[in-house]
Amino acid sequence: MARLQFAEGGRSLFVQQLQPGRTLIGRSDRADIALPSDTVSRMHCFLERRLDGWWLVDRSRNGTLVNGQAVTRHHLSHGDELGLGVYTATFMLHGESTEDTVTVSAAPRPAALHEALLHANPDHVATVRVRLRFTSGPRAGEQILLRRPRLSLGGRGATIPIDEALPVPAAHLRIVRGRVMVEPGAAAVMLDEVRIRDITPIYDGEEVRLGDHAFVLETMVDEAPRAMDSFGDMVGRSNAIRGVFAVLSRIAAHEDHVLITGESGTGKELAARGLHDGGPRHASPFVTVNCAAIADTLFESELFGHEKGAFTGATSRQDGAFQSADGGTLFLDEVGELRLDLQAKLLRALESGEVRRVGSARAEYPDVRVVAATNRNLIAMVREGTFREDLYFRLAVLTVHLPPLRERTSDIGPIAKVLLARSLPDARLMPDAEAALASYDWPGNIRELRNVLRRAYVLHGKTIRTSGLVFHPWSFDQPPTAAPQKQPTPADAQERRLIVEALERHDGNRTHAAKALGMPRSSLLYKMKRLGVTT
């Protein structure tokens with residue numbers, strides 16, 4: 001894992017763990033790492049993990065130094081010292097960190113091939129499971145929930161021991177996404193008085209006979225409880241986020257594509273990383289692609305790779321993100337920013353499973369689970385014609401919505417303490433500061449919270465009090481205030497119109513309108529209040 005060790009004037013400040021993908025450094029709260037100083041540009045530079053390592057790209061008027069030399073682009077090596085205004089940051093590729101560990105809630109789980117995932121939402125996860133019920137014989141009336149994709153039936157030593165008089169294995173059961181097949185073994189297995197000689201699908205209610213025993217296989221819907229306080233590097237105690245954690249934990253074991261929605265800064269990449277770390281692909285690559293940061297002309301090359309000489313500057317054969325993520329997870333961040341023609345190219349790869357390098361006619365078939373994320377309302381974009389409907393349904397096999405911080409204020413204190421423990425372990429958050437944090441609106445969500453804490457630490461020391469909290473980095477002389485009122489934008493007007501139309505179609509039923517708009521009811525109520533919708 002890569003890290004940055006920040007310092008000012010020889011005084012060590014904090015350590016920042018770098019997640020795969022792009023990390024923006026600057027003075028603005030839009031930055032992933034906010035540095036409070038006029039010597040730092042609002043968007044100073046960014047670090048990005050690419051196929052050939054970590055790169056720094058300067059975006060400032062003040063300039064960025066690497067080992068004392070001004071750079072515009074630089075391939076980083078372990079130990080490089082970055083100059084960012086009055087701050088220095090040492091780039092480190094080695095060493096352990098508390099963030100390198102995987103929490104228990106995201107511990108790797110085997111693939112849940114034996115169950116089919118029906119749907120997942122913040123209330124519950126519904127899966128199709130299979131139950132074996134004995135209908136006649138010595139065990140008539142007994143029921144067994146099947147928990148593996150392949151089980152043996154028979155005497156002592158079988159996965160499901162039925163009768164010591166039976167051989168091992170007398171037969172096998174194969175379960176693939178809730179569908180059951182019987183595979184003959186060393187004993188006669190009868191279905192409708194006909195012996196099963198090949199792998200045979202069994203449907204609900206069909207009776208199978210094995211020796212003196214008969215049983216049926218029944219599908220049932222199983223719903224997971226809401227009882228998790230963390231997932232991966234994410235923490236929270238509110239009902240809203242605990243339900244999300246339960247959903248994420250359950251779908252981590254599945255192979256379906258996932259679409260994560262939520263405002264900027266709510267932790268969509270952390271959720272994607274938790275899905276990868278907590279699933280059967282955890283030992284394979286996790287590759288991040290920021291769709292908003294790829295030049296349109298390089299989109300195919302970045303995703304699918306290219307051959308040597310395919311275009312000007314292609315001096316060697318290169319893998320794309322799909323090839324690099326083979327066997328693992330491909331995280332497509334800000335997927336809502338893709339142009340329509342680029343959406344079509346992504347759709348084809350998802351539908352066919354094949355990718356072709358730029359300049360090559362040979363198809364490749366990398367095994368990739370796609371997790372996409374966006375802060376845009378893709379359903380509204382589909383209606384407007386700016387996002388392909390077929391791509392939406394290809395990505396949104398499973399959907400998870402991360403609620404904004406203002407909808408779970410009880411989580412602000414615990415999250416703040418975890419953020420401090422991970423990067424500023426010697427900091428102390430005082431009760432008055434914790435109360436002030438809970439009263440703020442957090443338009444930048446958890447990213448803004450992290451930056452506010454870091455500014456307080458850098459500017460005022462290890463003890464964080466209300467007087468040290470600065471919510472607006474470009475106005476250091478102001479005390480903490482509520483979020484500034486935003487002026488209505490054309491996007492707000494469009495969103496207001498869609499909400500009003502949905503409410504009218506459903507006779508004012510907010511639950512049904514929220515479902516039609518593809519958002520939780522709590523988000524709809526917030527948006528109605530923000531946009532002045534009183535229907």
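The model is a predicted one, where local features need pLDDT of at least 70 and side-chain atom pairs count only at pLDDT 80 or more, while totals for chains, interfaces and linings use all residues. Residues are numbered from 1 along each chain as its sequence is written, and side-chain values use heavy atoms, with hydrogens and water left out.

**Salt bridges**

Let's start with charges. Side chains of opposite charge can pair when their charged atoms come close. Here a salt bridge is a side-chain nitrogen of Lys or Arg within 4 Å of a carboxyl oxygen of Asp or Glu. How many salt bridges does a search of the whole structure find? The search finds 27. The table shows some pairs.

| Salt bridge | N to O distance |
|---|---|
| Asp319 and Arg357 | 2.6 Å |
| Arg356 and Glu354 | 3.1 Å |
| Glu434 and Lys417 | 3.6 Å |

To place these pairs, we need helices (DSSP runs of H or I, at least four residues) and strands (DSSP runs of E, at least two residues), both numbered from the N terminus.

The salt bridge between Asp319 and Arg357 links distant parts of the chain, 38 residues apart. Asp319 sits in the loop between helix H3 (299-304) and helix H4 (321-324), and Arg357 in the loop between strand S29 (355-356) and strand S30 (363-364). Asp319 counts as partly exposed because its relative accessibility is 36%, whereas Arg357, at 4%, counts as buried.

In the pair of Arg356 and Glu354, Arg356 is partly exposed at 33% and Glu354 is buried at 11%.

The salt bridge of Glu434 with Lys417 joins helix H9 (residues 431-438), which holds Glu434, to helix H8, which holds Lys417, and the two residues are 17 apart. Glu434 has a relative accessible area of 25%, so it is partly exposed. Lys417 is partly exposed too, at 44%.

Salt bridges can also form a network, as they do among Arg131, Arg133 and Glu218.

**Cavities**

On a 1 Å grid over the protein atoms alone, a cavity is a set of points where a 1.4 Å probe fits but cannot get out, and its lining residues have an atom within 4 Å of a point. The volume is the space filled by probe spheres set on the points, which are joined across faces, edges and corners. The structure holds two cavities of 30 Å³ or more.

The largest cavity has a volume of about 50 Å³. Among its lining residues are His254, Glu255, His276, Arg281 and Arg369. By class, this lining has three nonpolar, four polar and three charged residues.

Which helices each supply at least two residues of the lining of the second largest cavity? They are H8 (412-423) and H10 (445-460). This cavity holds about 30 Å³ of space, and its lining includes Leu419, Ser423, Arg450 and Leu453.

**Helix H13**

Our last stop is helix H13 (residues 521-531), whose buried residues are Ser523, Leu524, Lys527, Met528 and Leu531. Seen down the axis of H13, these residues fall within an arc of 140° (taken from the directions from the helix axis to the C-beta atoms), so they line one face of the helix. After H13 comes Gly532, with a positive phi near 75°.

Conventions:
Buried < 20%, exposed > 50% of the residue type's maximum accessible area, 1.4 Å probe, protein only. 1 Å grid on protein atoms, 1.4 Å probe; cavity = no way out; pocket = protein on both sides within 12 Å on 5 of 7 lines; lining within 4 Å. Nonpolar A, V, L, I, M, F, W, Y, C, P; charged D, E, K, R; others polar.
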